[in-house]
Amino acid sequence: EADGFLFFVMPFVKGESLRQRLDRDHQLPVAEAVRIVSDIAEALTHAHRNGVVHRDIKPANILMHEGRPLIADFGIALAVGSAGGSRLTQTGLSVGTPFYMSPEQATGDQVLGPASDIFALGCMLYELLVGEPPYSGVNTQAILGKIISGAHVSATERRPTIPPNVDAAIRK
């Protein structure tokens with residue numbers, strides 16, 4: 001607080017987001033993608049243990065700082081159990097980025113938990129390895145429809161060098 005003005009301070013991250021990296025390189029090497037996602041999963045475990053669900057895990061919200069991922073933009077994060085009122089936007093739409101929304105987020109479910117972040121993390125790993133999200137469509141409704149139906153092509157079918165155990169982890 002300074003002169004009655006509240007503010008939040010974050011470290012300056014010298015680097016790029018995973019979105020910028022994907023835009024440049026299209027795909028990441030398997031070992032690197034798995035390492036990055038494992039580090040993010042560890043950070044999410046800490047957030048979830050402390051009652052925070054991010055709700056918008058995506059490559060643009062992962063900043064690479066000295067080779068390590070940093071989760072950014074907790075703008076729509078939710079403190080589980082302590083948020084009052086509706087968890088939807090005023091228009092009644094779910095909050096988040098369609099490509100990475102969990103089925104419960106896509107349907108506007110009022111109860112979102114750590115599983116929503118883990119689902120988004122799996123979608124992000126798929127994109128890091130394949131070069132595009134597992135669910136795509138001509139508009140938001142088409143994307144959300146595919147997420148709800150669970151229809152996507154396996155990562156190994158799209159990139160045969162992805163080990164079966166990594167593909168199984170993504171599907172899980």
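These are my notebook entries on one predicted model.

**Entry 1: the chain**

I started with the overall layout. The chain has seven helices and four strands. From the N terminus, I read the order as α-α-β-β-β-β-α-α-α-α-α. Of the 172 residues, 40% are buried. I then looked up contacts between residues at least 6 apart in sequence, and 62% of these join residues at least 24 apart. The chain exposes about 9600 Å². Carbon and sulfur atoms supply 57% of that area.

**Entry 2: salt bridges**

I found 11 salt bridges in the structure. I looked up a few of them.

D39 pairs with R68, with 3.2 Å between the closest N and O atoms. This pair links distant parts of the chain, since D39 sits in helix α2 and R68 in strand β3, 29 residues apart. Is D39 buried or exposed? D39 has a relative accessible area of 19%, so I noted it as buried; the cut-off is under 20%. R68 reaches 48%, so it counts as partly exposed.

D56 bridges to K58, and their closest N and O atoms are 3.5 Å apart. D56 is buried at 10% relative accessibility. K58 is buried too, at 17%.

R24 and D25 also meet through their side chains, at 3.2 Å from N to O. D25 is partly exposed, at 33%. Which residues form a network of salt bridges? I listed E16, R21, R24, D25 and E32.

**Entry 3: a surface patch**

Next I checked the surface. F5, F7 and V9 make a nonpolar patch there. Together they have about 360 Å² of accessible area. I placed F7 in the segment before α1, which covers residues 18-25.

**Entry 4: S136**

S136 lies in the loop between α4 (114-130) and α5 (140-149). Its relative accessible area is 32%, so S136 is partly exposed. What does S136 touch beyond its neighbours within four places in sequence? I found contacts with F99, I143 and K146. I also checked H152, which is 16 residues from S136 in sequence. In space the two are 8.9 Å apart, C-alpha to C-alpha.

**Entry 5: the largest pocket**

Last, I looked for open space. The largest pocket holds about 340 Å³. It is lined by 18 residues, and the closest to its centre are I118, G122, A169, I170 and R171. Which helix gives the largest share of the lining? I noted α4, with seven residues. Helices α2 (30-49), α4 and α7 (164-171) each supply at least two lining residues.

Notes: Residues are numbered from 1 along each chain as its sequence is written. This is a predicted model: local features need pLDDT of at least 70, side-chain atom pairs count only at pLDDT 80 or more; totals for chains, interfaces and linings use all residues. Side-chain values use heavy atoms; hydrogens and water are left out. Patches are made of residues with over 30% relative accessible area and no salt bridge: like charges are joined within 9 Å, nonpolar side chains (Val, Leu, Ile, Met, Phe, Trp, Tyr) within 5 Å. Accessible areas come from the Shrake-Rupley method with a 1.4 Å probe; for residues, only the protein chains shown count as cover. A salt bridge is a side-chain nitrogen of Lys or Arg within 4 Å of a carboxyl oxygen of Asp or Glu. Buried means under 20% relative accessible area, exposed over 50%, partly exposed in between (1.4 Å probe, protein chains only). Contact means heavy atoms within 4.5 Å. On a 1 Å grid over the protein atoms alone, a cavity is a set of points where a 1.4 Å probe fits but cannot get out, and a pocket is an open set with protein on both sides within 12 Å along at least five of seven lines; lining residues have an atom within 4 Å of a point. Grid points are joined across faces, edges and corners, and a volume is the space filled by probe spheres set on the points.
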